[in-house]
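Hi everyone, thanks for making time for this. Let's bring the picture up on the screen and walk through it together.

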2 protein chains.
Amino acid sequence: MKNVERIVNHAENHCKAHGARLTNKRKIILSGLLEVGKAMSAYDLVDYCKDQFGESIPAMSVYRILDFLQEENLVHKLSLANKYIACAHITCDHAHGVPQFLICGNCQRVEEITINKSTINTLRRNVEDAGFHLVSPQLEMNCLCHDCVEHAA
Amino acid sequence: MKNVERIVNHAENHCKAHGARLTNKRKIILSGLLEVGKAMSAYDLVDYCKDQFGESIPAMSVYRILDFLQEENLVHKLSLANKYIACAHITCDHAHGVPQFLICGNCQRVEEITINKSTINTLRRNVEDAGFHLVSPQLEMNCLCHDCVEHAA
DNA sequence: CTCAAAATGATATGATGTAACATTCTTGGG
DNA sequence: CCCAAGAATGTTACATCATATCATTTTGAG
C-alpha cells in the first residue's frame with residue numbers, strides 16, 4: 001500500500017500547486033478508489049471507508065468529494081456504470097489526452113486507455129460534420145475483457 | 001403526425017417478421033418517443049402517455065417496454081443522460097451500423113450518426129490492443145450543438 | 001484571535017431502476 | 001369453440017443513484 005500513499009502525496013502536490021486542498025476526507029476517498037483499483041459507486045465508497053478506514057462519510061459528502069476529485073482530474077465518472085474510478089495517470093506529470101474506458105460487461109473490470117490523436121481527430125471531424133462540437137472525447141465502450149471472452153467460449 | 005403512424009406501422013411489420021409483437025402499449029411508447037423526437041426518461045414517458053394519450057402505463061411497464069424496443073433496435077438508451085430515444089433509422093430497411101450519439105450538454109439535443117467503418121475499425125483495434133473485445137461501438141459523446149456554441153460565443 | 005470562506009454534516013427528497021408475484025391477454029392445439 | 005400455456009401487463013415494495021437545503025465545523029488570511 002506504499003504505492004497508494006505515494007500517489008496520494010503526488011495528488012496533494014498537484015492540488016496545492018493551484019491552491020486546491022486535498023483534505024483528509026478527500027484523501028480517504030481517493031485512497032479507497034486507488035486501493036480497490038476498480039470502479040465503485042458512491043455508496044460502495046461509503047461502505048468501504050467505513051469498513052477499511054473506520055471513517056463514516058455521509059453519501060452527500062462522498063458525492064461532493066467525487067465532484068472535487070473529478071475537477072482535479074484525479075477521478076473519472078463512468079456513466080455506463082454509474083461508478084467512479086481513480087485516474088490511471090495521476091502520477092504522470094505531463095498533460096494527458098482525455099481518456100477512454102473499456103468496461104467489461106461481464107466482470108465490470110475497467111481499463112483506461114488513450115486512443116491515438118489521429119483517431120480522435122477523425123472522430124472529432126465526424127462530429128463537426130454533423131454540426132456538433134465535441135466537448136470531450138471521453139468514451140466509454142461496452143467490452144468484454146480477455147478473461148471473460150475466454151470463459152464464454 | 002401521419003409520419004409517426006407510418007413509422008409505427010413499419011416497426012410493426014419489422015416485429016411481425018420474426019414473431020415479435022408490437023402491442024398497443026408498445027406502440028404508444030414508441031409513438032411518444034417519435035412524436036417528441038428527443039431523448040426522454042422512462043418517467044417522462046409515463047407522464048407523456050398520460051397527458052397526450054390518456055394512457056396510464058406504470059413505470060415498471062415502461063421499463064419493460066423500453067427493453068423490448070431496444071431489443072428490436074427501435075429505441076436506444078443513452079447512458080450519459082439516462083434517457084431513451086427512438087432510433088433514427090427505423091424505416092430504413094437495410095442493416096445499420098451501430099449508431100453513435102452526439103449529446104448537447106447545454107440543450108440536451110441528440111443527434112444520431114454513423115461513423116464510418118474504418119474509424120470504428122481503428123477504435124476496435126485500439127481496444128483489442130488493450131486486451132479487450134469491443135462488444136458494441138455505440139458511443140455517446142459530450143458535445144455542444146451548433147446553436148449552443150453560437151450562443152455561448 | 002477573528003471572521004469569512006471552504007468543507008463537511010444532517011435530513012429530506014427526487015430520480016432512476018428492478019425484484020417478485022398477481023392478473024390479464026393472446027394464441028395455437030385439441 | 002375452448003382452454004392451457006406462454007406472453008404481456010399490473011401492483012407493490014424496495015434498491016440504488018443523486019441532489020437540494022440548511023446547519024455546523026474547520027481552515028487560513030489578515
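Let's start with one contact: a polar side-chain atom of Y63(B) lies 3.2 Å from a phosphate oxygen of DNA strand C. Please keep in mind that this is a predicted model.

Which elements give two or more residues to the surface near DNA strand C? They are α2 (24-36) and α4 (59-71) of chain A, together with α4 (59-71) of chain B. The one that gives the most is α4(A), with four residues.

Of the atoms of DNA strand C that come within 4 Å of the protein, 53% belong to sugar and phosphate. Two side chains of chain A show you both kinds of partner. Sorted by class, the surface near DNA strand C has eight nonpolar, four polar and seven charged residues.

Now over to the other strand. DNA strand D has 17 residues around it, and M60(A), Y63(A), K77(A), T23(B) and R64(B) come nearest. Y63(A) places a polar side-chain atom 3.2 Å from a phosphate oxygen of DNA strand D. For K25(B), a polar side-chain atom is 3.0 Å from a phosphate oxygen of DNA strand D, and for S61(B), an N or O atom of the side chain is 2.9 Å from one.

Which elements each supply at least two residues of the surface near DNA strand D? This time they are α4 of chain A, with α2 (24-36) and α4 of chain B. The largest share, four residues, comes from α4(B). By class, this surface has seven nonpolar, four polar and six charged residues.

So how do the two protein chains relate to each other? A rotation of 180°, with 0.0 Å of shift along its axis, superposes chain A on chain B with an RMSD of 0.1 Å. The two copies are therefore related as by a two-fold rotation axis. If you want to find that axis, look for S79(A): among the residues of chain A, S79(A) comes closest, at 3.0 Å for its C-alpha.

Let's finish with the pockets. The largest pocket holds about 1200 Å³ of space. Its lining has 47 residues, with H76(A), K77(A), P99(A), Q138(A) and E140(A) nearest its centre. Both chains take part: elements that each supply at least two residues of this lining include β1 (75-78) and β6 (140-145) of chain A and β1 (75-78) and β6 (140-145) of chain B. The lining divides into 15 nonpolar, 25 polar and seven charged residues.

The second largest pocket has a volume of about 390 Å³. Of its 21 lining residues, E72(B), N73(B), C87(B), H89(B) and H96(B) are closest to its centre. Where does this second largest pocket lie? Domain 1 (1-93) and domain 2 (97-153) of chain B both give residues to its lining, so the pocket lies between them.

Conventions. Residues are numbered from 1 along each chain as its sequence is written. Chains are lettered from A and ligands numbered from 1 in the order in which they are written. This is a predicted model: local features need pLDDT of at least 70, side-chain atom pairs count only at pLDDT 80 or more; totals for chains, interfaces and linings use all residues. Side-chain values use heavy atoms; hydrogens and water are left out. On a 1 Å grid over the protein atoms alone, a cavity is a set of points where a 1.4 Å probe fits but cannot get out, and a pocket is an open set with protein on both sides within 12 Å along at least five of seven lines; lining residues have an atom within 4 Å of a point. Grid points are joined across faces, edges and corners, and a volume is the space filled by probe spheres set on the points. Ala, Val, Leu, Ile, Met, Phe, Trp, Tyr, Cys and Pro count as nonpolar, Asp, Glu, Lys and Arg as charged, and the others, Gly among them, as polar. Domain bounds come from an automatic or database domain assignment. A residue is near a molecule or strand if one of its heavy atoms lies within 4 Å of it. A polar contact is a pair of N or O atoms within 3.5 Å; within protein, one must be able to donate a hydrogen and the other to accept it, and residues adjacent in sequence count only if both atoms are side-chain atoms. Copies are superposed by least squares on the C-alpha atoms of residues with pLDDT of at least 70 in both.
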